[in-house]
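Subject: Structure for your review

Dear colleague,

Please find below the structure that I promised to pass on. My notes on it follow directly after.

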Amino acid sequence: MDSQLVEARALEAEITALRRACVEPPAPGEDTSRVRKSFRETYQADSEGWELSKDLRSHLGHLESEIQFLSTLTGISIRHYSKKTEDLTSTEMTEKSIKKVLQRHRLSGNCHMITFQLEFQLLEIQNEESLSSVITDLSIIMEPTEYSELSEFVSRAEERRDLFMFFRSLHFFVEWCEYRKRTFKRFKGLSLTTPLPPTPSTNLAHYMTVIHSWTLAALPSQNPHYEKYPEAVHLSEGASSSCMGIRNPSRPGFELVIVWRIQIDEEGKVLPKLDLLTKVPLQALELDKNGVIETAPLSFRTLLGVLGIEATLESLIKSLHTERVMVFRQSRPARTGNRRLPSPPP
């Protein structure tokens, strides 16, 4: 108790001395140098603090611009992120200069219209010579979507604990879905609101080149090669449908159905798969002596490899829209204004 009283009185005396120093002016010449020195030290400390703050703001602005660029390029935006670290280093590891740290990461975001939540653990082991890290657990939660192909892919990514494959495949999957939607909208005559590259590409440099050329071409409705067929094209599930029906009002009962799936293989590679289904009246089948209707799906795949997706679909629409007999030619047709795409896998 006495020690606390002595300490309190010492503090009171120090406070009284400080107050007196603030009120009373310093003696001429005696304390002026000390005051100036104190002012210079304070100013220097403030200047260093301002410079450090300026550098931090500049670095933060640079990081924000990089994140914005990556978000624009990949379509992936991270909304929330948190991290927890746990030191697992034991006494024995410390003696051997080994450090073991477990990081728990949690983030949520979206890739265009698809939202997701991720939780994963990253184990880091560092010694005097190297640093290694491995994902020990990965959990992915996705909002319900109409894309059933994603469920199996997400389970495979969780099993392999492959975070890079998840983001890469999700990006290209959404890109192909957007391309399919734009293509169906264009043939149906619906408005397109976002002028994006017409075809997904796995090559970044080529993708950026396509962005530039597509911007110059503007919207598809402004391109003379694009035509609209609102009466002939039918989308049962809207623009997000994976099927497009082609009909001719003057030929009831005859319909071509394009089934456009987007598949993700075991390695995470995203590929389009297009098939042709025919709905033909029995009378027409009996008159088809050359088996054109029977071989139409195979001929459709051959045409995809020659013309590409958009030109092939347009040739099918025109074959019914102009009320001409549809003939699938095995020879190379004349080139059109549409950009050629790689043929889907068999």
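In which strand is Glu-119 found? The model, which is a predicted one, places Glu-119 in strand β3, spanning residues 114–126. With a relative accessible area of 37%, Glu-119 is partly exposed. Beyond its neighbours within four places in sequence, Glu-119 is in contact with His-105, Arg-106, Asp-137, Leu-138 and Ser-139. His-105 is 14 residues away from Glu-119 along the chain, yet their C-alpha atoms are separated by 5.7 Å. Arg-106 also meets Glu-119 through the side chains, in a polar contact of 3.1 Å.

I turn next to the salt bridges. The whole structure contains 13 of them. One of these is formed by Glu-266 and Arg-160, whose closest N and O atoms are 3.6 Å apart. This pair links distant parts of the chain, since Glu-266 sits in the loop between β7 and β8 (270–279) while Arg-160 belongs to helix α4 (residues 149–160), 106 residues away. Both partners are partly exposed: the relative accessible area is 46% for Glu-266 and 36% for Arg-160.

Arg-160 has a further partner, as its side chain meets that of Glu-267 in a salt bridge of 4.0 Å, N to O. Glu-267 counts as exposed, at 56% relative accessibility.

A separate salt bridge joins Asp-275 to Arg-261, with 3.4 Å between the closest N and O atoms. Here the link runs from strand β8, which holds Asp-275, to strand β7, which holds Arg-261; the two residues are 14 residues apart. Why does Asp-275 count as buried? Its relative accessible area is 16%, and buried means under 20%. Arg-261, by contrast, is partly exposed at 39% relative accessibility.

Strand β5 (residues 233–234) and strand β6 (residues 243–247) run antiparallel and are joined by two bridges. Across this pair, Ile-246 of β6 stands opposite Val-233. Which strand pairs with β6 over five bridges? That strand is β7 (residues 255–264), and the pairing is again antiparallel. Within it, Met-244 has Ile-258 of β7 as its bridge partner.

Finally, a word on the cysteines. How many disulfides does the structure hold? The count is zero. For Cys-177, the nearest cysteine sulfur is that of Cys-111, 9.7 Å away; a disulfide requires the two sulfur atoms to be within 2.5 Å, so Cys-177 is in none. Is Cys-177 buried or exposed? Cys-177 counts as buried, at 3% relative accessibility. Cys-243, on the other hand, counts as partly exposed, its relative accessibility being 25%.

With kind regards

Terms used: Residues numbered from 1 in each chain as written. Predicted model: local features only at pLDDT ≥ 70, side-chain atom pairs only at ≥ 80, totals over all residues. Heavy atoms only, no water. Pairing = 2+ DSSP bridges. Helix = DSSP H or I, 4+ residues; strand = E, 2+ residues; numbered from the N terminus. Buried < 20%, exposed > 50% of the residue type's maximum accessible area, 1.4 Å probe, protein only. Contact = heavy atoms within 4.5 Å. Polar contact = N/O pair within 3.5 Å; in protein donor to acceptor, adjacent residues only side chain to side chain.
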